[in-house]
Amino acid sequence: ISRDLKIKAPLYARFGVREYWVSDAETHETHIHRDPGPEGYGDVRIAPRTDLLTPLLVPSLAVRLSDLRLD
């Protein structure tokens with residue numbers, strides 16, 4: 001997860017990837033990155049597994065990690 005957050009996220013932001021999610025397999029939290037720019041993502045938040053995660057591009061694919069069998 002460290003590589004995904006510290007190396008990949010800034011790189012993806014520089015290339016203009018509009019939204020980047022990283023799910024932590026241990027905590028089941030999702031790091032949601034939006035608003036890319038040359039210095040990284042302007043909007044970063046950590047969503048608990050109970051939050052409804054809604055992608056910007058396809059909102060109909062919303063998912064709640066707590067609804068999935070991840071154990």
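**Exercise 1. Find the nonpolar patch on the surface and say which residues form it.**

Solution. Step 1: Leu11, Tyr12, Phe15 and Val17 form the patch, with about 360 Å² of accessible area together. Patch members have over 30% relative accessible area and no salt bridge, and nonpolar side chains are joined within 5 Å. Areas come from the Shrake-Rupley method with a 1.4 Å probe. A salt bridge is a Lys or Arg side-chain nitrogen within 4 Å of an Asp or Glu carboxyl oxygen.

Step 1: phenylalanine 15 lies in the loop between α1 (2-14) and β1. Phenylalanine 15 counts as exposed because its relative accessibility is 68% (exposed means over 50%).

Before going on: this is a predicted model, where local features need pLDDT of at least 70 and side-chain atom pairs pLDDT 80 or more, while totals for chains, interfaces and linings use all residues. Residues are numbered from 1 along each chain, and side-chain values use heavy atoms, without hydrogens and water.

**Exercise 2. Work out how strands β1 and β2 pair.**

Solution. Step 1: β1 (residues 19-23) and β2 (residues 30-37) are antiparallel, over five bridges. Strands are DSSP runs of E with at least two residues, helices runs of H or I with at least four; pairing takes at least two bridges.

Step 1: tyrosine 20 has histidine 33 in β2 as its bridge partner.

Step 2: six residues separate the two strands of this hairpin, and histidine 28 in the turn has a positive phi of about 65°.

**Exercise 3. In what order do the strands of the sheet lie?**

Solution. Step 1: the open sheet runs β1-β2-β3, with antiparallel pairing. Step 2: β1 and β3 (40-47) each have a single partner strand, so one side of each is left without a neighbour in the sheet.

Definitions and conventions. Patch = residues over 30% accessible without salt bridge, like charges linked within 9 Å, V, L, I, M, F, W, Y side chains within 5 Å. Buried < 20%, exposed > 50% of the residue type's maximum accessible area, 1.4 Å probe, protein only.
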